[in-house]
Amino acid sequence: MPDSGLPEKRPLLLLVAGAKGAIASTLAMAVAASRRTPEIILPSLTTRDKFPYLAAVEETQIAGWDSNPQALASSTLCQGIVPESVCRLHAEQLEQITVKAAPAPDHDLQGQVDRVTADIREFRQAHADCLPVFINLLPAAPLNDFDRCRSLPELYETAGNQFMPDLAYALAAVTSGIPLVNFTPNAVEIPVLVEEALSRGVPVCGRDGKTGQTYFKVVLASAFRARSLAVDGWYSLNILGNADGRNLMEPERAAGKVANKTDLLDELLGYPVGGRYKTPSHKVHIDYYAPRGDAKEAWDVIDFRGLFDLPMSLRLNLQGRDSILAAPMALDLARWMAALQLAGFCGPVPELGFFFKKPVGPNAAKTFQEQLYSLDVLERRCAEKMSSGASAAGARP
């Protein structure tokens, strides 16, 4: 059989930081379930019919890190997200997933990076046939200020003994040549990391997965903009009772996420909401409410104006499931990143802004329509690069 020039189809290896958290354990359960009942998992993936040069979703492997000593299957059951019957059906598969202990907080940043890098080598040896992709699913953390650092040695010296697991994982992944998906609101895409990604041929995407309320905010705001309806004010309230909600009750941890949710609207509309009042009137609140669990509820009150400057309003109540919405997105993004690396893309990928509240990279599309178009263009470019690479390989003697 003649050589097509295309690389052999390889399954993905998802390397997950926060592997026993709500989103990650739901992701692991989805991957396990896809092997037995793909018909209940694959329809939720936007990449299910894309990237024919990747192995099937059902062949995906997972490994990762977590500070929780509880077994992954037990942790998943305790999350209360996936029905107990489903958890028990796939418990044996989950127990086969290797989850290493997170780096100790008494290590400096370089020590943390070295430790994670060593773990990555072990994971790669154990899954030598796989394409690794790193997914950051750690909790929201306080903002960092490392944009001024211009080299790894300077970053390590500046960071000192600060415990910053997000940055440690991200640096270890990128310097190991592994694509990075930053699903968290934490700003790990600092200049040093981006330079490393560019020099090592590693694509990077993020930040802050756009799963529920903000996804629909982009859709609605794009509709207001398309109809030239002026948004006068937008009040958003989120209530959730999972670990993410509890974590976001700390103002310094919530600052990044609230900023990502807030900045997005002015950027999309092209004007500051509340300008007529000389004060911002786009409000975003997140409250921990234990009875909700992972079943997050979001309320939006939108005031807008039309002809003759007459006021109108819209009310939206979303009763969603945080991890059920997020897990398939994380898997979609991992598949995108593996495909993009195979096609030769590197550095930030702003075209994946469809998935994020705060896309990294220059000139990211703002409106919903523009984001969908950017995705289509990116997919075509990816396919063209793979095709041209295969043709070149086939032409070589």
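Guide: A crossing of two helices is called right-handed if the near helix is turned clockwise from the far one by less than a right angle, and left-handed if it is turned anticlockwise. By that rule, helix H1 passes helix H12 in a right-handed crossing. The model is predicted, so local features need pLDDT of at least 70 and side-chain atom pairs count only at pLDDT 80 or more, while totals for chains, interfaces and linings use all residues. Residues are numbered from 1 along each chain as its sequence is written, and side-chain values use heavy atoms, with hydrogens and water left out.

Visitor: Why are H1 and H12 called roughly perpendicular to each other?

Guide: Helix H1 (residues 22–36) and helix H12 (residues 322–342) pack at an angle of about 65 degrees, with their axes 8 Å apart. Angles of 65 to 115 degrees count as roughly perpendicular, and H1 and H12 are therefore given that name.

Visitor: Which residues of H1 and H12 meet?

Guide: Ala 22, Ile 23, Thr 26, Leu 27 and Val 31 in H1 meet residues of H12 including Ser 323, Ala 327 and Leu 331, where contact means heavy atoms within 4.5 Å.

Visitor: Why does Arg 276 count as partly exposed?

Guide: Arg 276, which lies in the loop between helix H11 (251–269) and strand E8 (282–288), has a relative accessibility of 45%. Buried means under 20%, exposed means over 50%, and partly exposed is the range in between (1.4 Å probe, protein chains only), so Arg 276 counts as partly exposed at its 45%.

Visitor: What makes the pair of Arg 276 and Asp 309 a polar contact?

Guide: Their side chains come to 3.0 Å, and a polar contact is a pair of N or O atoms within 3.5 Å, one able to donate a hydrogen and the other to accept it. Not counting residues up to four places away in sequence, Arg 276 also touches Asp 232 and Arg 305.

Visitor: How do you know that strands E9 and E10 pair, and in what sense do they run?

Guide: Two strands pair if DSSP finds at least two bridges between them; E9 and E10 (residues 311–319) have 9 bridges and run antiparallel. In one of these bridges, Arg 305 has Pro 311 of E10 as its partner. The two strands form a hairpin with 5 residues between them, and Phe 308 in the turn has a positive phi of about 60 degrees.

Visitor: Why do strands E3 and E11 stand at the edges of their sheet?

Guide: The open sheet has 7 strands in the order E3-E2-E1-E4-E5-E6-E11, with parallel pairing. Strands E3 (98–101) and E11 (347–348) each have a single partner strand, so one side of each is left without a neighbour in the sheet.

Methods
Helices (H or I, at least four residues) and strands (E, at least two) are DSSP runs, numbered from the N terminus. Axes are lines fitted to C-alpha atoms, for helices over the stretch in contact, and angles run from 0 to 180 degrees between N-to-C directions. Angles under 35 degrees count as roughly parallel, over 145 as roughly antiparallel, 65 to 115 as roughly perpendicular and the rest as oblique.
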